[in-house]
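Let's take a friendly walk through this structure together. Keep the sequence at hand as you read.

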Amino acid sequence: MGKRGRKPMKIDSDTQLEKSRESARQCRRRKKLRYEYLEELVVDREKAIVKLHEELQRLRSICQHIDQQGVNSDIRQELKQWMEDPEVINQAQ
């Protein structure tokens, strides 16, 4: 009795080499797309971090001003704008 299953097709070496090259090209293409996607994610996160840092600095300065001089009309206006900011409202919900 012989081996079970299908007998492998005989493929000439040129065809097999071309399939291997095409597979390698596709692999490199997928790898490049993956890295581009990850790079976009990193850039978006970095932008969000910078924005949050700026917001934190702004709030710190308001708090320092309140601690030193109390609440004045400028501070009230700044806090009112901050509370009406759509991003702040969405985060609170």
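Because its relative accessible area is 45%, L38 counts as partly exposed. What you are viewing is a predicted model, in which local features need pLDDT of at least 70 and side-chain atom pairs count only at pLDDT 80 or more, while totals for chains, interfaces and linings use all residues. Residues are numbered from 1 along each chain as its sequence is written, and side-chain values use heavy atoms, with hydrogens and water left out.

Patches are built from residues with over 30% relative accessible area and no salt bridge; like charges are joined within 9 Å, and nonpolar side chains (Val, Leu, Ile, Met, Phe, Trp, Tyr) within 5 Å. The accessible areas themselves come from the Shrake-Rupley method with a 1.4 Å probe, and for residues only the protein chains shown count as cover.

Now step back to the whole chain. Its secondary structure comes to three helices and zero strands, in the order α-α-α along the sequence. Of the 93 residues, 3% count as buried. The chain exposes about 9300 Å², and carbon and sulfur atoms supply 53% of that area.

How far does the predictor trust this picture? Its confidence in each residue is the pLDDT, from 0 to 100. The mean for the chain is 84, and 82% of the residues reach 70 or more. Among the elements, α1 has the highest mean pLDDT (92), while helix α3 (residues 86-92) has the lowest (66). Where pLDDT is low, the predicted coordinates should not be read in detail.

Let's turn to charges. Lys and Arg count as positive and Asp and Glu as negative, while His and the chain ends are not counted. The place of a charge is taken as NZ of Lys, CZ of Arg, CG of Asp or CD of Glu. R28, R29, R30, K31 and R34 form a positive surface patch. One of them, K31, sits in helix α1 (residues 13-69) and is partly exposed, with a relative accessible area of 43%. A negative surface patch is made by E36, E39, E40 and D44. E36 also has its place in helix α1, and its relative accessible area of 36% makes it partly exposed.

Side chains of opposite charge can pair when their charged atoms come close. A salt bridge here is a side-chain nitrogen of Lys or Arg within 4 Å of a carboxyl oxygen of Asp or Glu, and the structure holds three of them. R58 pairs with E55, their closest N and O atoms being 3.4 Å apart. Both lie in helix α1, three residues apart, about one turn of the helix. Salt bridges that share partners join E18, E22 and R25 into one network. Within it, E18 and R25 meet at 2.9 Å, N to O, and the closest N and O atoms of R25 and E22 are likewise 2.9 Å apart. R25 and E22 both belong to helix α1, about one turn apart at three residues.

Our last stop is helix α2 (residues 73-84), where D74 is found. D74 is exposed, with a relative accessible area of 59%. Look back along the chain to I62, twelve residues from D74: their C-alpha atoms are separated by 9.8 Å.

Key: Helices (H or I, at least four residues) and strands (E, at least two) are DSSP runs, numbered from the N terminus. Buried means under 20% relative accessible area, exposed over 50%, partly exposed in between (1.4 Å probe, protein chains only). pLDDT is the predictor's confidence in each residue, from 0 to 100.
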